[in-house]
Amino acid sequence: MAAVDTAVLADWVSRFGTAVTEKRDWLTELDSAIGDADHGANMARGMSAVGEKLAGGAPGTIDELLKTVGMTLVSSVGGASGPLYGTFFLRMGMAAGAVSELDGPALATALRAGLDGIVARGKAEAGDKTMFDAMAPAVDAMDAALAEGSTVADAVTAAADAAEKGRDATLPLVARKGRASYLGERSAGHLDPGAASTAILFDTLAAAVAG
Ligand code: ADP
Ligand code: MG
Ligand code: MG
């Protein structure tokens, strides 16, 4: 596939909602170790609200679809992850524009705009033990794969692999952002919940693009 259209991205959003709902207990368990035990509930609630918003059919353009997702997450999730993922989808939509298809480079640009939105909002840097630590390597891997001539499907698969590695690499880190940072050294030895949901985000993107 040379391009990703609105239907594929709507399928991504739907798969992400299904996956965070299936993995709700695991995400909450991760958050109970270093946070307030609500990350699974936050993500499942937010994505279920998104599912209801999109139930009448996905909008025709990619910016409308992603803006709807982002605004719904911001307004339905109280925790840090709502505004952060909300901003990700809003910025991704703005970067995509009123189009119904994105080629590989345009998709990578839109994903990076989403990542930049998370940074603008939460100021996370590499190694702070946040969703950034899964997302930044994913977006970098996608750029690298496209630069080597990969198809968009292979590039998003490379992004998903990098997100998983980034998630796993949060295990030994001491948190410097978010609630987990209140624990100081005691946050080491646990995966970051937001990095875990971001790995799911890229895994479901790869699955949707693969069809
Ligand atoms: P809350 O911490 O408000 O209960 P969640 O539990 O839903 O919200 O989400 C926690 C996740 O949010 C963390 O695991 C981390 O990945 C992410 N996070 C928290 N603060 C930041 C930040 N400043 N920048 C990026 N990600 C953050
Ligand atoms: Mg929490
Ligand atoms: Mg909370």
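I'll start with ligand 1: of the 24 residues around ligand 1, the ones that come nearest are G79, S81, G122, G178 and G194. Keep in mind that this is a predicted model. Which of them gives the most to the shell around ligand 1? That is α9, with three residues. By type, the shell around ligand 1 has eight nonpolar, nine polar and seven charged residues.

Staying with α9, I turn to its packing. Helix α9, residues 193–210, packs with helix α2, residues 24–34, at an angle of about 155 degrees, and the two axes are 8 Å apart. The angle is over 145 degrees, so α2 counts as roughly antiparallel to α9. Which residues meet there? From α2 they are L27, L30 and D31, and from α9 they are P193, A196 and S197. That contact of α2 with α9 is made of four nonpolar residues, one polar and one charged.

Last, one residue in helix α4, which covers residues 62–76: L73. Is L73 buried or exposed? L73 has 26 C-beta neighbours inside 10 Å, and the cut-off is 20 or more, so L73 counts as buried. If we leave aside neighbours within four places in sequence, the contacts of L73 are G46, V50, G82, Y85, G86 and F89. For a distance across the chain, take L73 and D116: they are 43 residues apart in sequence, and their C-alpha atoms are separated by 17 Å.

Definitions and conventions. Residues numbered from 1 in each chain as written. Chains lettered and ligands numbered in written order. Predicted model: local features only at pLDDT ≥ 70, side-chain atom pairs only at ≥ 80, totals over all residues. Axes fitted to C-alpha atoms, helices over the stretch in contact; angles between N-to-C directions. Helix = DSSP H or I, 4+ residues; strand = E, 2+ residues; numbered from the N terminus. Parallel < 35°, antiparallel > 145°, perpendicular 65-115°, else oblique. Contact = placed C-beta atoms within 7 Å. Nonpolar A, V, L, I, M, F, W, Y, C, P; charged D, E, K, R; others polar. Near = placed C-beta within 6 Å. Buried ≥ 20, exposed ≤ 12 C-beta atoms within 10 Å, placed from the backbone.
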